[in-house]
Amino acid sequence: MVGVGIDGARGSWVRITYDSISLCLTISEKLEDLLIEGAVHFVDMPKDLATIDAPDRSCDAWMRSQLKQRKSSIFTPPIQDVLMEASYAEANAKSRELVGKGISKQAWNLVPRIREFQTITDADVYESHPEVCFAVMTGNEASFSKKTEAGELERIELLRRYSNSSPWKWKMSNVQVDDIIDACILAVAAYEAGTTGMVTHPDQTEGAPFVAVPKTKEAGT
């Protein structure tokens, strides 16, 4: 069993694989090149979006409910109906016209990645979120921002329960340490989901946009 965690970086995608022993790093410009047959993939990127008829993603509300201090890490992606607009200004104006609210510049900057993710049709590739996976696996959300030294150490402490590998020590100009650590958390979460069970919010059978996380472990296990 292999768990795969994927996060977006500047001009590329960061992949971590986890096989119960090692956390291994790969960088690629194309998401499809990072997929592994038979693995469970958790990707930190929105995929199925809200629409004019269903303008809110209930999975975003659920993720925010799992976080208090880190709630701002859950941003609202654009609706599907504006995804192919040529510019931020056009997409923002159209979103306000269609659903009465605009989109953030941060959300628009991820549109090329969202478009690419939507071309992936493999059944074992899921939208997920590292901050939420951290909260599910530890029982508590992270206390510190991932951009701080304390936040890095806090997340590495979780990863040390699974592996002695340290892929975040690699120095790359276009990849931040927190991108690698996020992908590591997702890889471990995907491995847990593949071996001990996965849940989606909302239920995948409901046909709405959803996110995947590993099952919450019972106390003492």
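The buried residues of helix 4 pack against strand 1 (3-9), strand 2 (12-18), strand 4 (40-44), helix 3 (105-109) and strand 5 (125-127); contact means heavy atoms within 4.5 Å. This is a predicted model, in which local features need pLDDT of at least 70 and side-chain atom pairs count only at pLDDT 80 or more, while totals for chains, interfaces and linings use all residues. Residues are numbered from 1 along each chain as its sequence is written, and side-chain values use heavy atoms, with hydrogens and water left out. Helices (H or I, at least four residues) and strands (E, at least two) are DSSP runs, numbered from the N terminus.

In helix 4 (residues 111-118), the buried residues are Val111, Arg113, Ile114 and Phe117, buried being under 20% relative accessible area with a 1.4 Å probe, protein chains only. They lie on the same side of helix 4, because they cover an arc of only 160° around the axis. The arc is taken from the directions from the helix axis to the C-beta atoms.

Helix 5 (residues 130-138) packs with helix 7 (residues 177-196) at an angle of about 50°, their axes 9 Å apart. Helix 5 is therefore oblique to helix 7; angles under 35 degrees count as roughly parallel, over 145 as roughly antiparallel, 65 to 115 as roughly perpendicular and the rest as oblique. On the helix 5 side, Pro130, Cys133, Phe134 and Met137 meet Asp182, Ile185, Leu186, Val188, Ala189 and Glu192 of helix 7.

Helix 5 also meets helix 6 through Glu131, Phe134, Met137 and Thr138, which contact Glu154, Arg155 and Leu158.

Notes:
Axes fitted to C-alpha atoms, helices over the stretch in contact; angles between N-to-C directions. Buried < 20%, exposed > 50% of the residue type's maximum accessible area, 1.4 Å probe, protein only.
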